[in-house]
Structure formats: structure tokens, C-alpha cells
Amino acid sequence: MLEKIVNFIGDEKNAKTNKIILYVILVVVFAADFFVPREHAHYIWDKIPGWGAVYGFVSCVLIIVVSKFFGHQGKLMKKEDYYD
Amino acid sequence: MTDAFFHPSILFIAGAFLIPLLWGKVQKAYLLIIPAIAFLICIGASQGTYGVYNFLGHEIIFAKIDKLSLVFSYVFTIMAFIGMMYGLHVKDAGQHMAAYFYIGSALGVTFAGDYFTLFVFWEIMAFASAYLVFAQRDDAAVKAGFRYILVHIAGGVFLLGGIILHYAETGSIIFGPIEQNGSAAFYLIMIGFIMNAAVPPLHAWLADAYPEATVTGAVFMAAFTTKTAVYVLVRAFPGTEILVWLGVIMALYGVVYAVLENDCRRLLAYHIVSQVGYMVAGVGMGTYMTLNGSVSHAFAHILYKALLFMGAGAVIYMTGRRKLTELGGLYRTMPVTLTLYMIGGFAISAFPLFSGFVSKSMVVAGAAADHRPVVALLLTMASAGTFLHTGLKLPYYMFFGKDSGLRPKEPPMNMLIAMGIAAFLCIAIGVVPGQLYNILPYPVHFEPYTGDHVTSALGILMFTALGFFLLLKKLDPEPTISADTDWFYRKGSLIFMWFARKPVGAWEGFITEIANTAVMPFIYAVARLGFWIDRNIVDKAVNGVAGIIMSLSAGVRRVQTGLLQHYAIGMVLGIMVIIFIFSVIK
């Protein structure tokens, strides 16, 4: 069972199916955010449906771009024998 | 309430000496029984103060038990059991002993009621954990181990200095909340503590040493050192404003370095820095909710981080490789390891129904309730980064991605069981958080499973996943290492050595040259002159004086004839002279 699921996800042949599954999940998650009560909201953005999705995506892109910028332009990434 | 409390540190530290005397199944059983007994002791312990001794006029309190120390003791003893189970196949008794010392001293810190006890256990912890790095025995590990121990000794010196000043100011060595007066003692103790919590820029030892430790040793290291530091921070520094921002910086700092990292356990190590950031920020805000959040997150973190380290360790153990660029496609033969690892990945990423969700959100919600929107937003951003690396990047490049051609088997059963226990707890805490909330130091008024919290958390995580797959090419691991603040003492020491060899060496040569060409001949000349004066003037003068005295005494000797009539004539002549003088002067 476990092995089957793992092999299904890993198999190149199912790449397309996996993608579709991911997109379906994304749509469901995004849509669900419009149908939940928001009495706990502290701040204005907590009241915006879909905020989490947008903030998550922007955070992810920002983290990757900024980190790689530091790594390459900021010269944080060194050759493996740098300290030898 | 029972009056007796058998200190579990004694169990571990004294018990460690039995390990090399046992062998085979008996030894294995022993390794597991001690943590189990310790756990039962902690469960059964009632609050109070035990083991008070008088030492040089001060109260030494070995065990001060309250809700805060108890919750840490529970998770430390659970972790001890899991970690020993994971390392059961290891034949090296020295490593098991070091682990026992390490666990025992971490528990010693947890129960310490005074600074003296705390400091002693704090130092044992540093040395015991360093052994787990040395035990790897390759060149990189030995070097990293030495850096690790040097940094910790330095941290210990800060702590000791702070303790001494604190004692000088207050006259007390009782360990408790420190007055927020900005004194030197306050900052020195804080530096000692936050160094063990791996707060940047004092964090580099962690990412430096943990990936070099043995597969089994790193699991213990991931659990104990930073979390005892969180414990002492919760105890001594609640509501310290600077910790809020240090915590937020930590949370993001670890994430940035994790993007750049290629070594799988170093990536996880940077996420310890990131996760402990939440706890440090929670301590800094210092409300009941954020302190509860810090403690519960430490509890959850120990279990899922151990699980992640065990998963990555299992891969290293089976393949002998640790770089993501050299791994890939392992899902075919290690599906169980992958699944267990992913449970840890979901837990650290705070997926609903996993432990991180019920603990991390308490810190973030606490920040919002404390009117700190920026802190809440930045911590949320860091949690997107957490999923990005530990939940997506690492498993993708290790288990999926480009096929490395490696077909390793699943790890030994004891490793899988240990991972299974940790995975079970990660899910159990996530599904039934009430049990964890009950043992927190303050009453909990927090419900993690509200509709909007679940959907917004899922939104953040799943759209992070979308970003990951869209930018997959940019994220391919690169065969590099990252310069961190350890640069200052790794390259800094080279600069120091260069400075010692070149400028200092040249200066020393210059001085020697001057000494040889100018100073020494001058000194020789002066010495020769002195010698000449000595021989020709001083000696002659001395000899002359001696000659005079000798000829004088030769003369005087002739006066002493020894004949009575000569002396009688002398006396008569003398009397006549005296009479003559008196009669003339008159």
C-alpha cells in the first residue's frame, strides 16, 4: 500500500497525473478559504479570503530569490574545499 | 505528594559506567530500560524542591521541580528512549556512554535550582555532546569537534562570568527570572544561554558540527543542546524584548541558509536554527500564550527534528553519502524511510493534524494577540520556508529527482522502530493536542483547529509547494558550502596565523637582527670594559689595600714581643706621658 503510493508518486510516467492532483488540491484549498468563518481575525489580512495562499506563494518565491541572491551575488556560496 | 525524588541524572550519569561492562542483548536491554525508568520517574514526580545541600554557605538545589521543568523532562526522557533505540545497533560503548552523559546532564540542567548546579551540568553537556562528533573519527569530524568544544567553552566562560557578577550583585545563586536591569551580569548570562540556543551570530557551531557527528549522535544533538537553552531562557529571560527580534531573525536566517545548503543534515541543522527562532521569539514576547507556545514548540520540535535527523541519518547510514547532489531516486527501495521522514516534514511544516501545527501556531497567534503584526507575518513567512526545504526540497532531491542509481535497502529494524515511535508522537500530538496543552506551564486558552486557521495554513503550505515546483530548476542543489559566521574563526584563525607568521614573524626577525648587529656587540664591549676595569682597577685597588694592611700588621706584630718587662716599660712610659700631659696642660 505504502510502497504503491510512493512508487506512483515517484514514477515519471505519472508526472502528469501528479500535477493534476496538485492543481486540484490547490483549487480546493484556495476555495475552502472563502467558506470558513473568520471571527478570530486579528488583522485586516486575516479577513481576506485566499490571503494564506497568496502570502505562501509570495513568501516561497521571495525566499528562493533572495537566498540565491545572497548565495551567488553575496558570495556566501563557496567551493567545497574553501576551508581546506 | 511523595517526599523522595530519584534524580534521573544520577540514573543516566552513574548508569553510563555500567554500559561497557555489559554486552549483547543485555546491554541493549539496559540501554532502553534506563530511559524508560527515567521517564516513569519524571511522570511520577511531584512538584517541590529536592536534594538541597549546603556548599560553602550556599544552598545547592539539585532538583527544583515545577511544571516548566517537568514538561521538558518528559520530552527529554522520551527522546532518550527513541535515540537509544535508533542507536541500538552501534557497537561502540563509548558513544552510548556519551549519549547517557549528555541526556543526564541535560536533565540536570532542567532540574537545577541554582546556578552552580546548572553550570556544572551545562559543561558536562558540552563535553559529552562533543564526543558524539569526535566519535565519527574522520578528519572533518575531529576538526569540527574541536571548533564545537572551543565555542562551547567560550560560551561557558560568558555564562560563568555572568553568574559570578550576578552573585556579586544579588548575593544569590538561585536560578530564576533575572531582573531586567541591563547589567553586565544580565547580558553575560544571556549570551551564555543564547549561544547554546544557536542565536545568530552565535549559531555557526551548530550547522558546523551536527552534520559531522555520527549518524546516531546527531539525533541526540538535534534534541538536547538547543532545547535546554530554550528551557533556561523561558525560566530566566521571559519578556526580554531583544529576544523577540533575535528570534525572528533566527527564523528567517536558518531558512535562507537552508536554500543554499547541499549537505542534507546541514540543511536540517539550519532548520533547527529557524525553528528555535520561534521559541526564542516566544520567550521574548513573554506572554503566557507565547511562553506556552515556546515550550510546546520545543516539545514538538524535539520529536519531529529527531525524526528528520533519523530519516536523513538512515539514508547516510545505508548509502554513505550526504550531499543532495549525490543522492536521488531512493523512493524505489526506501519507501518506509521516506514515509516516516515525510511525517516529520509535515510536522515541522505545521500541517494540520501534525504536531507543529498545534505548537508553532501558538507562538504566531500569541504574537498577533500581543499586537505584533510584523513578527506574526515574518514568522509565518519563515514557516513557508520550512516546508519548502524540509518538506519539499530535501525529500525531493533525496528520494525523487534525478536517479542516482543507488538502490539501498531500508535501514535496520531498530532505526525504523525509533522513527516509527517519533512519527506516531508527531501525529498523536497533532490530532490530540489537549494532552500536550495540559502539561504546559501556564493555562492554555487556545484552539488551533478553527476553520480559518486550517484553511489559511493549508493555503500557505500548498502554494509554497506550487512555488517550489514552478522554481524547481532554480532550487537544484549546488555542490558548494556556505560561508557563515564560523568564517570569522575558521578563516579568522588563518588570518591570525598569517599575522603571527608574517608581520609578527618579520618584526621578530627585525628585532633579532638589530640585537645581533648592534645591541649584542655593544653589550659585549661593555662587558669587556667591565672585565678590564675589574681586573686592572678594582682588583689592583683591592690587592693594594690588602698589601698595606699586611705590611701594617707585620709592623704591629713586632710590637707584640710577649716579654713582661717590655709591657711594664710601656705601661710606665704611658703613665709618665699622661702625668706629663696633665701637668703641662694645667
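## A chat about chains A and B

Visitor: Hi! Which strands of chain B are joined by seven bridges?
Guide: Strand β1 (residues 48–55) and strand β2 (residues 58–65) of chain B, and the two run antiparallel. Keep in mind that this is a predicted model.

Visitor: Thanks. What stands opposite B:Gly48 in β2(B)?
Guide: That is B:Ile65.

Visitor: And how many residues sit between the strands of that hairpin?
Guide: Two residues lie between β1(B) and β2(B) in the hairpin. B:Leu56, in the loop between these strands, has a phi near 50°, which is a positive value in a residue other than glycine.

Visitor: Let's switch to helices. At roughly what angle do α9(B) and α11(B) cross?
Guide: Helix α9 (residues 215–236) and helix α11 (residues 264–285) of chain B cross at roughly 15°, and their axes come within 10 Å. Angles under 35 degrees count as roughly parallel, so α9(B) is roughly parallel to α11(B).

Visitor: Is that crossing left-handed or right-handed?
Guide: Right-handed, as α9(B) passes α11(B).

Visitor: Which residues make the contact?
Guide: From α9(B), they are B:Ala218, B:Ala222, B:Thr226, B:Val230, B:Leu233 and B:Val234. On the α11(B) side you have B:Arg265, B:Ile272, B:Val276, B:Met279, B:Val280 and B:Val283. By class, this contact of α9(B) with α11(B) has ten nonpolar residues, one polar and one charged.

Visitor: Nice. How far apart are the axes of α10(B) and α11(B)?
Guide: Their axes are 7 Å apart, and helix α10 (residues 241–260) of chain B packs against α11(B) at an angle of about 165°. An angle over 145 degrees counts as roughly antiparallel, and α10(B) and α11(B) are therefore roughly antiparallel to each other.

Visitor: Left-handed or right-handed for the crossing of α10(B) and α11(B)?
Guide: Left-handed. The residues in the contact of α10(B) with α11(B) are 20 nonpolar, six polar and one charged.

Visitor: Zooming out, what domains is chain B divided into?
Guide: Domain 1 covers 1–237, domain 2 covers 240–481 and domain 3 covers 503–585. Taken over C-alpha atoms, the centres of domain 2 and domain 3 of chain B are separated by 93 Å.

Visitor: Now for chain A. How many of its residues are in contact with chain B?
Guide: There are 41 residues of chain A in contact with 46 residues of chain B.

Visitor: Which elements of chain A give two or more residues to that side?
Guide: α1 (2–10), α2 (15–32), α3 (51–72) and β1 (77–79) of chain A. Of the elements on this side, α3(A) gives the most, with 16 residues.

Visitor: What about the classes on the side of chain A that touches chain B?
Guide: This side of chain A has 25 nonpolar, nine polar and seven charged residues.

Visitor: One more: which strand of chain B is joined to β1(A) by bridges?
Guide: Strand β3 (residues 480–482) of chain B, through three bridges, and the two strands run antiparallel. To find one of the pairs, go to A:Lys79, whose bridge partner in β3(B) is B:Thr480.

Key. Residues numbered from 1 in each chain as written. Chains lettered and ligands numbered in written order. Predicted model: local features only at pLDDT ≥ 70, side-chain atom pairs only at ≥ 80, totals over all residues. Pairing = 2+ DSSP bridges. Helix = DSSP H or I, 4+ residues; strand = E, 2+ residues; numbered from the N terminus. Axes fitted to C-alpha atoms, helices over the stretch in contact; angles between N-to-C directions. Parallel < 35°, antiparallel > 145°, perpendicular 65-115°, else oblique. Left-handed = near helix turned anticlockwise from the far one by under 90°. Contact = placed C-beta atoms within 7 Å. Nonpolar A, V, L, I, M, F, W, Y, C, P; charged D, E, K, R; others polar. Domains from an automatic or database assignment.
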